[in-house]
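Dear colleague,

I am passing on the structure we spoke about, and below it I have set out what was found. Please read the notes with the model open beside them.

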Amino acid sequence: MTDMFVSLGTWNWLIFGFLLMALEVIAPGVFLFWLGLAALLVGLISFATVISWQIQLVMFAVFAAAAVPVWRRLARPKFDASASPFLNKRTEALLGREFTLEKPIIDGNGTMRIGDTVWRVAGPDTPAGTRVKVVQVDGVNLTVAAA
């Protein structure tokens, strides 16, 4: 086993690195790419200097471990909360908007279609066809007033 490590040369590291990167293309998961990059780095460094096999293995382990935070930093999505302030707050996006009642509000309760969704609304008795404004949001219930 030791003879195998002793015989590790620069070309073996380069072949190993390209092999790992080729496996990444076949079975993508973004993990083998970074291990392949670490092997290529060890191969390139061992071209420039004569390094023992123990140091080469340690360098491979260090480069592979360092690749994880680099990958996480590069893979992190750039999310701007100010670009979509109502993401996952659909009802709050309706606050202050005006809509036309399709069905009347009777005894303070009714329903109203907004887009493709039917919402429960509360407010004063209002006939169908009246423009109303959403004045309050409570979960999935909207409180409306005449616009």
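**Salt bridges**

The side chains of E98 and R131 meet in a salt bridge, with an N to O distance of 3.8 Å. Because E98 belongs to strand β1 and R131 to strand β4 (residues 131-138), this pair ties together parts of the chain that are 33 residues apart in sequence. Please keep in mind throughout that this is a predicted model. Both partners are partly exposed, E98 having a relative accessible area of 39% and R131 one of 41%.

The count of salt bridges comes to two, and the other pair is E102 with R113, whose closest N and O atoms are 3.9 Å apart. This pair, too, links distant parts of the chain, since E102 sits in the loop between β1 and β2 while R113 lies in strand β2, 11 residues apart.

Taken as a whole, the chain has five helices and five strands, and from the N terminus on its elements run α-α-α-α-α-β-β-β-β-β. Of the 147 residues in the chain, 27% are buried.

The five strands make up an open sheet with mixed pairing, in the order β1-β4-β5-β3-β2. At its edges stand β1 (98-100) and β2 (109-114), and because each has a single partner strand, one side of each is left without a neighbour in the sheet. Ignoring direction, neighbouring strands of this sheet are turned by 50° against each other on average. Within the sheet, strand β3 (residues 117-122) and strand β5 (residues 141-146) run parallel and are joined by three bridges; as one detail of β5, T143 is the bridge partner of A122.

**The helical part and its surface patch**

In the UniProt record, which is an unreviewed entry, the annotation "transmembrane region" covers residues 12-45 and 51-71. In the model, residues 12-45 are 85% helix and 0% strand, with the end C-alpha atoms 13 Å apart. The span of residues 51-71 is 90% helix and 0% strand, and there the end C-alpha atoms lie 27 Å apart.

There is also a nonpolar patch on the surface, formed by W11, I15, L44 and F47, which together have about 480 Å² of accessible area. Helices α2 (10-26) and α3 (32-48) each supply at least two residues of this patch. One of its members, F47, lies in helix α3 and is partly exposed, with a relative accessible area of 46%.

Definitions and conventions:
Residues are numbered from 1 along each chain as its sequence is written. This is a predicted model: local features need pLDDT of at least 70, side-chain atom pairs count only at pLDDT 80 or more; totals for chains, interfaces and linings use all residues. Side-chain values use heavy atoms; hydrogens and water are left out. Patches are made of residues with over 30% relative accessible area and no salt bridge: like charges are joined within 9 Å, nonpolar side chains (Val, Leu, Ile, Met, Phe, Trp, Tyr) within 5 Å. Accessible areas come from the Shrake-Rupley method with a 1.4 Å probe; for residues, only the protein chains shown count as cover. A salt bridge is a side-chain nitrogen of Lys or Arg within 4 Å of a carboxyl oxygen of Asp or Glu. Helices (H or I, at least four residues) and strands (E, at least two) are DSSP runs, numbered from the N terminus. Buried means under 20% relative accessible area, exposed over 50%, partly exposed in between (1.4 Å probe, protein chains only). UniProt positions are given in the numbering used here, feature names are shortened, and annotations may be inferred rather than shown by experiment. Two strands pair if DSSP finds at least two bridges between them. Axes are lines fitted to C-alpha atoms, for helices over the stretch in contact, and angles run from 0 to 180 degrees between N-to-C directions.
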